[in-house]
Amino acid sequence: MAEARPLSAERIDAVTDLPLGFPAPRAWALSFAFALLLLLCFAVAVTVLFWRGVGVFGNNIPVAWGFPIVNYIWFLGIGHAGTLISALLLLTGVGQRNALNRFAETMTLFAVICAGLYPILHLGRPWLFYWTAPYPNTMGIWPQFKSPLSWDFFAVLTYLVASAAFWYVGAIPDFARLRDRAKGRLGQVCYGLAALGWRGSMRHWRRWEQAYRLCAGLAVTMVFIITAAYSLLLGGGPISGWNSSIFPPYFLCGAVFSGFAVVAVIMAVLRRAFRLDDILTDAHSDLIGKLLLAVGLMTAYGYLADIFNALYSGEQSELETLHDRLSGAYAWSFWGAVISNFVPLQLLWLRRVRRNSLLLAAIGVSVAAGMWMERYMLIVTGLYRDHLVSSWGTFQASLWDWALFAGMIGVFLAPFLLFVRLLPIVSGFELKKASEEARHAR
């Protein structure tokens, strides 16, 4: 691992004060306008959904959950990586985390929100979504705990709360710094409220570090528990192609794989947009490239294990599902996932590719698209040809499926761009700490 280079105090101040003197307002405004356009698409799709009902989706028997569950799992997977990488690098003391953690954790928050919206919108009567929560009520009605929807509620809410707590605790010292440097009264009040009275005393730092590490430990635990939970919901069913013990690690690797890919893309964009070559360095690209390659190879092992299990079992339904994946009506999703996920990935064996943030971002885009196709392949090919011929049927996404998906990307992008505009995209106090340690080490 490359050593961290010490940064001057002026450079760190300039980076952490980006919200107070934003350097690229026009580019940001154009990006935000594009995000708002996608958000408008989301609003139109949701209005049509509420007006006409869930029949506007392409879902039908036997593929009762098509795009909603594909996109739910895809967004949830992306959400896992941001918190996981930040928490693991904190607990293992890797210095490179100080430039990556803030935007990676923020990515997690908005990706999990996008994931959580899909089950709510798919309910049919989404305004009654709180019925999935176990709360005392006068009618004595409790959630149906045998339903995956109840466990979706617990999984998404628990992970959202743990990730938000981890993000917020980590940002408190930076809020205090912005409070002290803000010139307007509004900024002083807003940042001051967010700082919770932080004064930077030794007692504050000691308590803060204990709380931050506790949140990191909980966040890592949540990633494993939640991924295992929703993968077991699939693996425990009698669906051919799903009923496999490899599913929990397979899903975890796939989730982290797609999330690392999105982190690589965001890192490249921020590095170029704000000229952060000395903050988000080639060493960071190298680190993300290695992680992406390692997790990608583990995911590839999952693909091979899945194929081997189907062949070794000798069960007719498993073999037919495998045949469908390789050459059936949705073979494009299997081969698209294999090619997009693993062909460009092999370039990461080369150090100069890993350290090139633009090439790494291009590979990240390919992996994110490939993982979406993998989720599509797992869901649709497992459902569209059931054990009985009478239960066979194809799935075709509707216009409103695609519109909601495009709009959901706006739901992710718009608040993320607001975060870039209003809050520090890197952790200033951690940068200072790392720079001081690097300076003393020389």
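**Figure 1. Arg 275 in the loop between H8 and H9.** Phi of Arg 275 is near 50°, a positive value in a residue other than glycine. With a relative accessible area of 71%, Arg 275 is exposed; buried denotes under 20% relative accessible area, exposed over 50%, and partly exposed the range in between (1.4 Å probe, protein chains only). Helix labels follow DSSP runs of H or I with at least four residues, numbered from the N terminus. The model is predicted, so that local features need a pLDDT of at least 70 and side-chain atom pairs count only at pLDDT 80 or more, whereas totals for chains, interfaces and linings use all residues. Residues are numbered from 1 along each chain as its sequence is written, and side-chain values use heavy atoms, with hydrogens and water left out.

**Figure 2. Leu 196 in the loop between helix H6 and helix H7.** The loop joins H6 (185-195) to H7 (202-235). Leu 196 is a residue other than glycine with a positive phi, near 55°. Its relative accessibility is 58%, and Leu 196 therefore counts as exposed.

**Figure 3. Buried and exposed residues of H6.** Gly 187, Tyr 191, Gly 192, Ala 194 and Ala 195 are buried in H6. Viewed down the axis, these buried residues fall within an arc of 160°, so they line one face of the helix; the arc is taken over the directions from the helix axis to the C-beta atoms. On the other side of H6, the residues Arg 185, Leu 186 and Leu 193 are exposed.

**Figure 4. The buried residues of helix H1.** Helix H1 spans residues 9-16, and within it Ile 12, Asp 13, Val 15 and Thr 16 are buried. The arc that they cover around the axis is only 165°, which puts them on the same side of H1.

**Figure 5. The cis peptide bond from Ile 61 to Pro 62.** Omega of this bond is near 15°. Pro 62 belongs to the loop between H2 and H3.

**Figure 6. Aromatic pairs around Phe 67.** The whole structure holds 37 aromatic pairs. A pair is made by rings of Phe, Tyr and Trp (its six-membered ring) whose centres lie within 6.5 Å; planes under 30 degrees apart count as stacked, over 60 as edge-to-face and the rest as tilted. The ring centres of Phe 67 and Tyr 376 are 6.3 Å apart and the planes stand at 90°, so this pair is edge-to-face. It links distant parts of the chain, with Phe 67 in helix H3 and Tyr 376 in helix H13, 309 residues apart. Phe 67 and Phe 405 have ring centres 6.4 Å apart and planes at 80°, so that pair is also edge-to-face. Since Phe 405 lies in helix H14 and Phe 67 in helix H3, the pair ties together parts that are 338 residues apart in sequence. Phe 67 and Tyr 376 are buried, and Phe 405 is buried as well. Ring pairs link these residues into a cluster whose members include Trp 74, Phe 75, Tyr 330, Trp 372 and Trp 402.

**Figure 7. The largest pocket and its lining.** The volume of the largest pocket is about 770 Å³. A pocket is an open set of points on a 1 Å grid over the protein atoms alone, where a 1.4 Å probe fits, with protein on both sides within 12 Å along at least five of seven lines; lining residues have an atom within 4 Å of a point. Grid points are joined across faces, edges and corners, and the volume is the space filled by probe spheres set on the points. Of the 26 lining residues, Val 265, Ile 266, Val 269, Phe 412 and Leu 413 are the closest to the centre. Two or more residues come from each of the helices H2 (25-52), H3 (67-91), H8 (247-273), H13 (357-383) and H14 (399-422), and H14 gives the most, with 7. The lining comprises 25 nonpolar residues, 1 polar and no charged; Ala, Val, Leu, Ile, Met, Phe, Trp, Tyr, Cys and Pro count as nonpolar, Asp, Glu, Lys and Arg as charged, and the others, Gly among them, as polar.

**Figure 8. Confidence of the model.** The average pLDDT, the predictor's confidence in each residue from 0 to 100, is 87 for the protein, and 98% of the residues score at least 70.
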